[in-house]
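Here is a short report for someone meeting this structure for the first time.

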Amino acid sequence: MTGTLLRGLILFLLEVICEGEPTRAGPETMLHPHEQDKLVHQTSRWVLKLFNDSLPFSRAESFCRGQFSSLITLEQSEDKEETVELLRQIGFRSPVWVRDHNRSASKMVALSRQYLEFSALKFPKESHEGFARVTVSFPVLSSVSVCVRVQWNTDWNDVSTVFSYAAPVLTNEFQLRGRVDMQGHIHLALIIHGKHFPYKASFANDGAWHHICVTWSRIRNHWAIYVDGDRKDMGSGTDMDRDIHGDGILILGQDQDSFGGNFTEPFFGNITDLNIWNVSLETIHVRAVNLCLATIQEKFFSWNLSLINSHHVVKEVQAPLFCPAVHQQMELQGCRTLQGWSDQLPPLGWTDCSDFLPFICRSSPERHHRMEQISKSQSSQPSAFMNQLMKLSNKSQ
């Protein structure tokens, strides 16, 4: 029994020790000693050490704690200057992880479910004439993202048009439509530059609210459809040599067979929270919008009924929609990064927390000196503590 406990203790300790270490080769194993010195910058207050390794944000934080230090923070101007100086000395321009000093406070917020009240448009099945026009002027678009919340009428099984954007030279310029299969699932399809893509992205026709986002980029030669924050379909090859024409008309709930009229394939149900960006949103931003959270991307159009003209059969209704806890904002936006050094103050950005990036650990001079002593002693022979554990393990056999 005692041997089993000792073996378990040893395995636990080894696991704890290994957990804080990078899984990829780092500067300690790849660089010559004099090159390692270049990655360390000592100031009157701190010792900064760059680990030209790649770890996710949380692993980088854990590794720094395992070194009796902390991930660098740029809370004060002195912190920024010292970090920039280290990067300038070694000519390092790649992004590195930066700890946000507000992060710990955000984690303390308890999970709370909430419902937000949205003004929605109801398209009744009793009339096939219902439509709503977004009264804004559209520029030429090399990229676009459209997100909207829909509540499908479960009694309607024909093809329905969520929105259609028609340009003066092409009526089927950009459109989202859906149809219901025999199993009760709604399948979505995009029309881009007149090209109709297959009905693939799907969700249950359950009468509940669902969040749909579509993104397109000529530069990236890519389009995607998201449902409730998850990417359901994607592709390329949509006549990407040109932008989406400007000066068009955006109609909700109808397909435009002519510019601004001759409507067909109506939508029946409720629509709300239509937002448009003139950029192609990344997955992390789509998830944030799905969860009712703000993104760092500026909107081209925000849901506003005063900017929408509706047919008289379309009625305004109130829709309570489930939204998540506020404390998830940071994880959805991403984690802080320093985008490399320049002559100006270092630009800060956001990156998916699961990405692999280098990082900088900060410690006091005393702790740094102590860690170097420990490192040197461990490189020559095992510590007395580890020797004792090995002896106990052998005895327990």
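## Disulfides

At 3% relative accessibility, Cys361 counts as buried. The cut-off for buried is under 20%. This is a predicted model, and the structure holds two disulfides. Cys361 takes part in one of them, with Cys64 as its partner. Their sulfur atoms lie 2.0 Å apart. Cys64 sits in helix α4, residues 57-66. Cys361 sits in strand β24, residues 357-363. The link of Cys64 and Cys361 is left-handed, with -85 degrees about the S-S bond.

A disulfide also joins Cys147 to Cys213. Here the S to S distance is 1.9 Å. Cys147 belongs to strand β7, residues 143-152. Cys213 belongs to strand β13, residues 210-217. The pair links distant parts of the chain, 66 residues apart. The link of Cys147 and Cys213 is right-handed, with 115 degrees about the S-S bond. Both ends are hidden: Cys147 is buried at 0% relative accessible area, and Cys213 is buried at 1%.

## Salt bridges

What lets side chains of opposite charge pair? They can do so when their charged atoms come close. A search of the whole structure finds eight salt bridges. The table lists some of them.

| Pair | Closest N to O distance | Separation in sequence |
|---|---|---|
| Asp233 and Lys200 | 3.8 Å | 33 residues |
| Arg220 and Glu282 | 3.4 Å | 62 residues |

Take Asp233 and Lys200, which form a salt bridge. Asp233 lies in strand β15, residues 230-235. Lys200 lies in the loop between β11 (195-196) and β12 (201-204). Asp233 counts as buried, at 6% relative accessibility.

Is Arg218 buried or partly exposed? At 28% relative accessibility, Arg218 counts as partly exposed. Asp243 counts as partly exposed as well, at 25%.

Arg220 lies in the loop between β13 and β14. Its salt-bridge partner is Glu282, in the loop between β19 (269-277) and α7 (283-290). The two lie 62 residues apart in sequence, so the pair ties together separate parts of the chain. Arg220 counts as partly exposed at 43% relative accessibility. Glu282 is partly exposed at 39%.

Salt bridges can also join up. Arg177, Asp255 and Glu265 are linked in a network of them.

Which residues of β16 are buried on each side? Ile249 and Ile251 are buried on one side. Leu250 and Leu252 are buried on the other. Both faces of β16 are therefore covered.

Strand β6, residues 132-134, runs antiparallel to β16. Three bridges join the two strands. Arg133 stands opposite Ile251 in β16. Strand β8, residues 160-167, also runs antiparallel to β16. Four bridges join β8 to β16. There, the bridge partner of Phe163 is Leu252.

## The cavity

How many cavities of 30 Å³ or more does the structure hold? It holds one. The largest cavity has a volume of about 70 Å³. Residues lining the cavity include Phe138, Leu141, Val144, Val146 and Phe163. Tyr165, Phe174, Ile244, Leu250 and Ile276 also line the cavity. The elements that give two or more residues to this lining are β7 and β8.

Some names return here from earlier sections. Phe163, the bridge partner of Leu252, is one of the lining residues. Leu250, buried in β16, is also among them.

Technical notes:
Residues are numbered from 1 along each chain as its sequence is written. This is a predicted model: local features need pLDDT of at least 70, side-chain atom pairs count only at pLDDT 80 or more; totals for chains, interfaces and linings use all residues. Side-chain values use heavy atoms; hydrogens and water are left out. A disulfide is a pair of cysteine sulfur atoms within 2.5 Å. Buried means under 20% relative accessible area, exposed over 50%, partly exposed in between (1.4 Å probe, protein chains only). A salt bridge is a side-chain nitrogen of Lys or Arg within 4 Å of a carboxyl oxygen of Asp or Glu. Two strands pair if DSSP finds at least two bridges between them. On a 1 Å grid over the protein atoms alone, a cavity is a set of points where a 1.4 Å probe fits but cannot get out, and a pocket is an open set with protein on both sides within 12 Å along at least five of seven lines; lining residues have an atom within 4 Å of a point. Grid points are joined across faces, edges and corners, and a volume is the space filled by probe spheres set on the points.
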